[in-house]
Amino acid sequence: MTVLQPLVAGAALFAIGIFATAYRRQPAALLRGILLMGAGAAVAAAGASRLASASFDPLSGQGFAVIVVFGSLALAALGVGVFARGTSR
Amino acid sequence: MDTVHTAAFYATAAIAIAGALLAALARSRALGAGGLLLTALGAALLLADLSAGFAGLLVFIVLVAGAGVVGTAPRGAEAASSRGHNLAALLSAVLFAALVYAAYRGLYHSAQYPGGQFNAGALGRLLVGRDALAVIAAGAATLVAARSLDWGRGGR
């Protein structure tokens, strides 16, 4: 297995997330897309870390994956708050 | 990587992508949440197969929490799809093709992986030691987002 396979799997998850965010107009479906994008970026980063990283720094991709997925959770929660505020008025 | 790892990789990638498609296309909340949970499981197993067990565990927890948080989003009537939405869907396919092309054409350093399978200690040292500022930023963003949930429910 080469680094190509994790990158393609991550790209597929990311593109599906973009699709959900761009195409769907329902708040929950739209916000699910943000989480899918985070998962895709995490898979690509961890795959690059495992199969194509420098030997002196093999874990940076995994650290990046964790930070990206936390960022996507924060964005999704912020979106839920904004949508909820908009509908409660 | 050996054959078993490669087979596990394809199986878990298929689970993650099937869950993502379900989450993206589902019209009901329950199906959407189920798709997100399937994606969480597939992505976590995928990361574990890529020797990133601890990162996979964190991704699983975060995606499951995300499924719960998104499940509380207000119900809004779905607007009819317009030409712009169709164009956006097409552009996401173009983006996927571009990313795959870039991955295919890229030149990558091929190296032996010196790390372990789970890497909890090493990843903790990396995140708290070298990347502390990024971790603080991610924590602050999560805190602000959690506060926004309360704000969205009418709190101050």
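Trainee: How many salt bridges does the rule find across the interface of chain A and chain B, and what makes a pair a salt bridge?

Mentor: The rule finds 1 across that interface, where a salt bridge is a side-chain nitrogen of Lys or Arg within 4 Å of a carboxyl oxygen of Asp or Glu. Arg130(B) and Asp57(A) have their closest N and O atoms 3.4 Å apart, and the pair is therefore called a salt bridge. Over all chains, a search of the whole structure finds 3 salt bridges. The pair that crosses between chains runs from helix H5 (residues 120-130) of chain B to the loop between H2 and H3 of chain A, helices being DSSP runs of H or I with at least four residues, numbered from the N terminus.

Mentor: Two cautions apply. The model is predicted, with local features needing pLDDT of at least 70 and side-chain atom pairs pLDDT 80 or more, while totals for chains, interfaces and linings use all residues. Side-chain values use heavy atoms, without hydrogens and water, residues are numbered from 1 along each chain as its sequence is written, and chains are lettered from A and ligands numbered from 1 in the order in which they are written.

Trainee: How do you know which residues of chain A and chain B are in contact?

Mentor: Contact means heavy atoms within 4.5 Å, and by that rule 63 residues of chain A are in contact with 77 residues of chain B.

Trainee: What is meant by the area that the two chains bury between them?

Mentor: Buried area is the accessible area (1.4 Å probe) that two parts lose on being put together, summed over both. Here the value is about 6,300 Å², 76% of it on carbon and sulfur atoms. In chain A, Met1(A), Arg32(A) and Arg50(A) lose the most area to chain B, together 12% of what that side buries.

Definitions and conventions:
Helices (H or I, at least four residues) and strands (E, at least two) are DSSP runs, numbered from the N terminus.
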